[in-house]
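Please read the following note beside the sequence and the three-dimensional view. The points move from the whole chain to single residues.

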Amino acid sequence: MTPAKQDGINFYTRKWVKPEDLNANGTLFGGSLLRWIDEEAAIYAIIQLGNHRVVTKFVSEINFEGSAKQGDLIEMGLVATAFGRTSITMRAEVRNMITRRSILTIERIVFVNLSEEGTPAPHGYSTITYRRDRMPTTHPADE
Ligand SMILES: CC(C)(COP(=O)(O)OP(=O)(O)OC[C@H]1O[C@@H](n2cnc3c(N)ncnc32)[C@H](O)[C@@H]1OP(=O)(O)O)[C@@H](O)C(=O)NCCC(=O)NCCS
């Protein structure tokens with residue numbers, strides 16, 4: 001496992017908290033937030049590993065530190081913290097854009113790079129790319 005050299009977390013995606021994202025308490029539903037983070041992490045893994053076939057393997061303890069209410073703007077950030085042979089480990093953070101307060105942190109999200117057969121495959125990377133140089137050039141349905 002190679003620790004990734006980090007320039008800090010990048011907040012790529014913003015969300016507007018809408019009525020369908022709320023729990024019975026009238027605040028952001030944790031399940032909605034986790035779905036957004038998992039999708040964000042999948043896109044990040046695809047860009048870092050240059051492969052559409054990546055799957056969530058492990059998510060560490062999730063600490064909901066704060067909340068958000070309808071109409072709030074939130075932003076989600078991810079950074080790769082380690083590159084393994086077939087895996088990538090990321091750290092996630094979600095914060096309120098207005099207050100800058102943290103809503104959630106996840107120390108470790110692990111995605112595994114898969115072959116066309118669906119088995120773990122070496123990805124060959126050990127550093128973070130900040131460009132689109134590894135972006136897959138084919139559509140998964142055509143492979
Ligand atoms: C992903 C999957 C193919 C991996 O199979 P596996 O038999 O665990 O494969 P391996 O033991 O070779 O491990 C693959 C990588 O995952 C890592 N890994 C395995 N278990 C892990 C765990 N509990 N925590 C963190 N990393 C783990 C290994 O260290 C390895 O990484 P490395 O090659 O960089 O060292 C298999 O577990 C699977 O299909 N899981 C379901 C994935 C899925 O569908 N996710 C969506 C949610 S339903």
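The numbered points below describe the model in turn.

1. Basis of the note. This is a predicted model, in which local features need pLDDT of at least 70 and side-chain atom pairs count only at pLDDT 80 or more, while totals for chains, interfaces and linings use all residues. Residues are numbered from 1 along each chain as its sequence is written.

2. Overall fold. The protein chain contains one helix and seven strands (helices, H or I of at least four residues, and strands, E of at least two, are DSSP runs numbered from the N terminus). Their order along the sequence is β-β-α-β-β-β-β-β. The chain has a radius of gyration of 16 Å, close to the 15 Å that the globule rule gives for 143 residues, so it is as compact as a globular protein of that length. The radius is taken over C-alpha atoms, and the rule is 2.2 Å times the number of residues to the power 0.38. The C-alpha trace spans about 45 × 35 × 25 Å along its principal axes.

3. Contacts along the chain. Of the contacts with a separation of 6 or more, 72% are between residues 24 or more positions apart. Two residues are in contact if their C-beta atoms, placed from the backbone, lie within 7 Å.

4. The unreviewed UniProt entry carries the annotation "domain: HotDog ACOT-type" for residues 7-117; positions are given in the numbering used here, feature names are shortened, and annotations may be inferred rather than shown by experiment. Over residues 7-117 the chain is 18% helix and 44% strand, and the end C-alpha atoms lie 35 Å apart.

5. Nonpolar core. Buried residues make up 23% of the 143 residues. A residue is buried if 20 or more other C-beta atoms, placed from the backbone, lie within 10 Å of its own, exposed if 12 or fewer, and partly exposed in between. The largest nonpolar core has 25 residues, and Ala41, Ala45, Ile88, Met90, Ala92, Val94 and Phe111 have the most contacts inside it. At least two residues each come from α1 (30-49), β5 (73-83), β6 and β7, and α1 gives the most, with six. Such a core is a set of buried Ala, Val, Leu, Ile, Met, Phe, Trp, Tyr and Cys residues joined through C-beta atoms within 7 Å. In soluble globular proteins, nonpolar side chains tend to be buried together.

6. Ile88 lies in strand β6 and is buried, because 25 other C-beta atoms are within 10 Å. Leaving aside neighbours within four places in sequence, Ile88 contacts Ala45, Gln48, Leu49, Ala80, Phe83 and Phe111. Not counting residues up to four places away, Met90 touches Ala41, Tyr44, Leu78, Val79, Ala80, Thr81 and Ile109.

7. Two loop residues. Where is Arg100 found? Arg100 is in the loop between β6 (87-96) and β7, and Arg100 counts as exposed because it has 8 C-beta neighbours inside 10 Å. Its phi is near 70°, a positive value in a residue other than glycine. Asn23 is in the loop between β2 (10-16) and α1 and is exposed, with 12 other C-beta atoms within 10 Å. The C-alpha atoms of Asn23 and Met1, 22 residues apart along the chain, are separated by 38 Å.
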